[in-house]
Amino acid sequence: MAERLQVSVEIVDRILDGWPGVFSDSERRIVGYWGLSIAAAFTSSHQLMIDGRRLSAWCAWDTLFLPELLGKPAEVESQSPGQAGGVKLIVTATNVDHVEPEDAHVSFLMPDAAEIQKDIVGTFCHFVHFFPSRQAGEAWASQHHGTFILSVAEAHAIALLKNRAQYSEAMGLG
């Protein structure tokens with residue numbers, strides 16, 4: 001990256017070290033960035049298969065906005081916390097084409113901007129999961145202050161709005 005940007009490695013390291021949401025391995029290779037990681041580098045209950053490659057998402061919501069940003073469909077498999085069960089989805093750049101089971105829902109949490117900058121995984125991602133039913137999600141949310149339940153369609157709609165707000169220029173929308 002330093003070579004391509006024509007700056008020193010030290011400058012690139014200093015910049016990346018200051019960014020929340022960037023994870024590197026012991027050799028300083030970037031293995032995770034804002035919701036997406038190489039599967040071997042980050043163990044997660046939220047897995048995506050994109051172009052035949054298994055990747056890890058940091059939370060359920062990541063699996064809903066990443067396909068649009070990547071411009072690639074994703075097969076998603078996610079295990080709910082505890083014994084609630086699993087959820088499978090097919091998410092494209094514009095839609096959620098398949099949800100199994102059909103009554104799947106998503107737990108959500110209003111993010112605290114300052115806390116996310118310090119630790120997005122611990123302060124947000126650990127609270128955002130798929131559940132096989134609204135009932136299972138509500139049972140879990142009742143034990144986790146500040147969380148609430150959304151349908152997959154609602155969470156996907158918010159994900160697309162987030163992409164527009166955060167990346168409209170890069171997406172050619174600005």
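Select W61 to begin: at 10% relative accessibility, W61 counts as buried (buried means under 20% relative accessible area, exposed over 50%, and partly exposed in between, with a 1.4 Å probe and protein chains only). Before you click on, know that this is a predicted model, where local features need pLDDT of at least 70 and side-chain atom pairs count only at pLDDT 80 or more, while totals for chains, interfaces and linings use all residues. Residues are numbered from 1 along each chain as its sequence is written, and side-chain values use heavy atoms, with hydrogens and water left out.

How many aromatic pairs does the structure hold? There are six (rings of Phe, Tyr and Trp, the last by its six-membered ring, pair if their centres lie within 6.5 Å; planes under 30 degrees apart count as stacked, over 60 as edge-to-face and the rest as tilted). The ring centres of W61 and F108 are 5.1 Å apart and the planes sit at 90°, so this pair is edge-to-face. W61 is in the loop between β5 (53-57) and α3 (62-70), and F108 is in strand β9 (residues 105-109), so the pair ties together parts 47 residues apart in sequence. (Helices, H or I with at least four residues, and strands, E with at least two, are DSSP runs numbered from the N terminus.)

Next, select F131 and W140. Their ring centres are 5.6 Å apart with planes at 40°, so this pair is tilted. F131 counts as buried at 1% relative accessibility, and W140 is buried at 13%.

Last stop: β9 itself. Five of its five residues are buried. Which way do they point? H105, S107 and L109 go one way, V106 and F108 the other. In a regular strand the side chains alternate between the two faces of the sheet. Now bring in the neighbours: β9 pairs with strand β10 (residues 130-131) in the antiparallel sense over two bridges (two strands pair if DSSP finds at least two bridges between them), and V106 stands opposite F130 there. Five bridges join β9 to strand β11 (residues 147-151), also antiparallel, with L109 opposite T147.
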